[in-house]
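User: I would like to learn how to read a structure like this one, feature by feature. Please give the general idea first and then the case at hand.

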Amino acid sequence: MNASATVRSPATRWTVVVPLVAALAPVFGWGRELPPFAAAVVPLCLCGAVLAAVHHAEVVAHRDRGGAHRHSARPRPASA
C-alpha cells in the first residue's frame, strides 16, 4: 500500500471540512439579518454535515464486514 494514499491532510477530506464549516456557519449568522444567499448556505452546510456523518457510518460498516481491508490482521469469518 502506498504511504501517500493512506496519509491525507484533513484539509483535503470533505468529510472533515464540511462538518467544521457547518459548525461555524450558524455561529457567524446567529442573531443577524442574513441576505437570501447566506440564509441558504447555512442549511446546505448542515445537510453536508449529515451526508458526511452517513458516509462515515458507511465506511465503518464496510470495514466491519471485512471488505475494505483485505490485508487486515483480523481474520474474516468462514463462509458456510
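User: Where does A52 lie?

Analyst: Helices are DSSP runs of H or I with at least four residues, strands are runs of E with at least two, and both are numbered from the N terminus. A52 lies in helix α3. The model is a predicted one: local features need pLDDT of at least 70 and side-chain atom pairs count only at pLDDT 80 or more, while totals for chains, interfaces and linings use all residues. Residues are numbered from 1 along each chain as its sequence is written, and side-chain values use heavy atoms, with hydrogens and water left out.

User: Is A52 buried or exposed?

Analyst: Buried means under 20% relative accessible area, exposed means over 50%, and partly exposed is in between, with a 1.4 Å probe and protein chains only. A52 counts as buried because its relative accessibility is 4%.

User: Which residues does A52 touch, not counting those up to four places away in sequence?

Analyst: A contact means heavy atoms within 4.5 Å. By that rule, and leaving out residues up to four places away in sequence, A52 touches W14, T15 and P19. A C-alpha distance is another way to look at it: A52 and V17 are 35 residues apart in sequence, and their C-alpha atoms are 9.3 Å apart.

User: What about T15, seen from its own side?

Analyst: T15 is found in helix α2. With the same exclusion of residues up to four places away, T15 touches A52 and H55. T15 counts as buried because its relative accessibility is 19%.

User: How many helices and strands does the chain have?

Analyst: The chain has three helices and zero strands, and its elements run α-α-α from the N terminus on.

User: How do I check the length of a helix against its residues?

Analyst: The expected span is 1.5 Å times one less than the number of residues. Helix α3 covers residues 36-65, and its 30 residues should span 44 Å; the end C-alpha atoms are 44 Å apart, so the two agree. Helix α2 has 16 residues and reaches 22 Å from its first C-alpha to its last, close to the 22 Å expected.

User: Which residues of α2 are buried?

Analyst: In α2 the buried residues are T15, A22, A25 and G29. They cover an arc of only 85 degrees around the axis, which puts them on the same side of α2; the arc is that of the directions from the helix axis to the C-beta atoms. The face turned away from this buried side carries the exposed residues L20, V27 and F28.

User: What do the buried residues of α2 pack against?

Analyst: The buried residues of α2 pack against α3. In α3, V42, C45, G48, A49 and A52 are buried, and what covers them includes α2.

User: Which residues make the nonpolar surface patch?

Analyst: Patches are made of residues with over 30% relative accessible area and no salt bridge; like charges are joined within 9 Å, and nonpolar side chains (Val, Leu, Ile, Met, Phe, Trp, Tyr) within 5 Å. A salt bridge is a side-chain nitrogen of Lys or Arg within 4 Å of a carboxyl oxygen of Asp or Glu. Here V16, V17, L20 and V21 make a nonpolar patch of about 290 Å². V16 is partly exposed because its relative accessibility is 33%, and V21 is partly exposed at 39%.

Terms used:
Areas by Shrake-Rupley, 256 points an atom, 1.4 Å probe, with all protein chains shown as cover.
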